[in-house]
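Here are my notes for someone opening this structure for the first time. Have it on screen and go through the points in order.

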Amino acid sequence: MAKHFAGLDIGTTKIACIIAEHDTDGGTKVIGRGVAPSHGLRKGVVVNIDKTVQGIRSAVREAEMIAGVDTSEVYVGIAGEHVQSFNKSGVVAVKSDGGEITEEDVRRAIDNASAVPNLKDRETISIVPQDYIVDDQIGIKDPIGMSGVRLETNVHIITCGTTSVQNICKSVEKAGFVVADVVLEPVASSKSVLEQDEREIGVALIDIGGGTTDIAIYLDDSLRDTRVIGLGGEYVTKDIAIGIRTPIDKAEEIKKKYGCADPRVVQTGEDFPVPGVGGREERQVSREILTSIIEPRVEEILNYAYREIQQSGYNDMLGAGIVLTGGGSLLEGIQSVAERVFEHPVKIGYPQNFTGLIDVAKSPIHATGIGLCMHGMEIENVPEKGRGGLEVDGIKDLWVKIKEVFQKYF
Ligand SMILES: Nc1ncnc2c1ncn2[C@@H]1O[C@H](COP(=O)(O)OP(=O)(O)OP(=O)(O)O)[C@@H](O)[C@H]1O
Ligand SMILES: [Mg+2]
């Protein structure tokens, strides 16, 4: 039977499991999807292990049933305000006599760049090489075999709060699964949503979830920056609940059915019913009022994202503009509001380049889950030591993983 890959997206509002396998062309074929409500997370962070375990079990079980396979290993996403990331560089002298750069030189350069102080409460989850400088030649993607005496590399390092990683891993383990890898959620989403040419000319992917809004910035086909903001669609729902006096679950339904972020697309006289609370009668509320509640909150979230992108220093280099994904990107009118905020072209990013269960999986809500499977497929067969992508053609994100964190817990 073909090897399958399970992506587990432990989100603030839903836990989703996607199971995929290689299709006949070596691409990604989604064969299973399971979704369970998430009651154990706040702002992307596990606050109740038991509820998270239940959600994980039920999402994976559903996906397994649909796929007709049993899963033991899962690729897991992580987000939350505890995430910190930064760029670093490292330099080494090329060792071989002939001055030809070897895999070993590359590994030493990456090790040198990744030498960060071992802080007790932080774990490094990813070290992503961006590019290399051989003597004076900059922007080299694969230096192996080139001649030179000095090899420098730039890497993007992602670290998480130790307890946050532990609680994610513990929840997965208690549910009966093994963590194959932990991936920052916007990085996973980028894999399923972004096109290679977008990553080349510069793009910011913004995944608007329920509790977090996550950003990944790419330029020259390399990951340049990642950010997590502790705000998302749940805040919009809460504002609606308060603004039109209705319970949260009804506000959520109303947001999805009638919600709009852009007042310019809402007509006067478009009313919708709001169920009465505590025996009161149903009321009619206009979409104009609903939009006046939604717009400022959406603008606020996008403004936070804009500030983060500006701080990254890449705002003027985003040739492909902004791609919005995650459930929050499904809100009507969000694209035009985002274009106003970012002053960049904005598109809604759907997961793509996969076959199989397209109908159920082709939603921005599943960008992370599908991206996690794609990540698993990318690093498949890459020997542990070679997870610099050095021994595999076609892997663009030269992933080097620090495995200590998992060895500690499993
Ligand atoms: N059709 C829709 N219109 C508006 N908002 C929507 C729609 N569908 C989903 N959402 C919103 O998207 C959010 C959930 O998105 P998503 O599933 O990506 O989040 P999550 O992964 O659970 O959370 P996070 O990534 O923050 O941990 C919710 O706030 C939900 O209200
Ligand atoms: Mg999410």
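1. A word on terms before we start: "contact" or "touching" means heavy atoms within 4.5 Å. By that rule, and not counting residues up to four places away in sequence, Ser164 touches Val45, Ile78 and His82. Ser164 is found in helix H3. Helices (H or I, at least four residues) and strands (E, at least two) are DSSP runs, numbered from the N terminus. Is Ser164 buried or exposed? Ser164 is buried, at a relative accessible area of 13%; buried means under 20% relative accessible area, exposed over 50%, and partly exposed in between, with a 1.4 Å probe and protein chains only.

2. Some housekeeping. This is a predicted model, where local features need pLDDT of at least 70 and side-chain atom pairs count only at pLDDT 80 or more, while totals for chains, interfaces and linings use all residues. Residues are numbered from 1 along each chain as its sequence is written, chains are lettered from A and ligands numbered from 1 in the order in which they are written, and side-chain values use heavy atoms, with hydrogens and water left out.

3. Now the six-stranded sheet. The sheet is open, runs in the order E11-E6-E1-E2-E3-E19, and has mixed pairing. Two strands pair if DSSP finds at least two bridges between them. At the edges you will find strand E11 (178-184) and strand E19 (354-356), each pairing on one side only. From one strand to the next, the twist averages 35 degrees.

4. Look at E6 in that sheet. Strand E6 (residues 73-78) and E11 run parallel and are joined by six bridges. Gly77 of E6 stands opposite Val183 in E11. Helix H3 (residues 162-174) packs on this sheet, touching strand E1 (4-10), E6 and E11, and its direction makes about 145 degrees with that of E6. Angles run from 0 to 180 degrees between N-to-C directions, and axes are lines fitted to C-alpha atoms, for helices over the stretch in contact. Helix H11 (residues 367-379) also packs on the sheet, touching E1, strand E2 (14-22), strand E3 (28-37), E6, E11 and E19; the direction of H11 makes about 140 degrees with that of E1.

5. Gly77 is buried, with a relative accessible area of 0%. What is Gly77 in contact with, leaving aside its neighbours within four places in sequence? The list is Leu8, Ile168, Val183, Glu185 and Leu372. For a sense of scale, the C-alpha atoms of Gly77 and Asn303 are separated by 25 Å, with the two residues 226 apart along the chain.

6. There is also an open sheet of four strands, in the order E7-E10-E8-E9 and with antiparallel pairing. Strand E7 (84-93) and strand E9 (137-140) are at the edges with a single partner strand each, so one side of each has no neighbour in the sheet. The twist here averages 35 degrees from one strand to the next. Strand E8 (residues 122-134) and strand E10 (residues 150-161) run antiparallel, joined by 11 bridges, and the bridge partner of Val128 is His156 in E10. H3 turns up again: H3 packs on this sheet, touching E8 and E10, with its direction at about 70 degrees to that of E10.

7. On to a helix pair. Helix H4 (residues 185-193) and H11 pack at about 85 degrees, with their axes 7 Å apart. H4 and H11 are therefore roughly perpendicular; angles under 35 degrees count as roughly parallel, over 145 as roughly antiparallel, 65 to 115 as roughly perpendicular and the rest as oblique. The H4 side of the contact includes Glu185 and Ala188, and the H11 side includes Leu372 and Met374.

8. Finally, the hairpin. Strand E13 (residues 213-219) and E14 run antiparallel with seven bridges between them, and Tyr218 stands opposite Leu223 in E14. Two residues lie between the strands, and Asp220 takes a positive phi near 50 degrees. Eight of the eight residues of strand E14 (residues 222-229) are buried, so E14 is largely enclosed by the rest of the structure.
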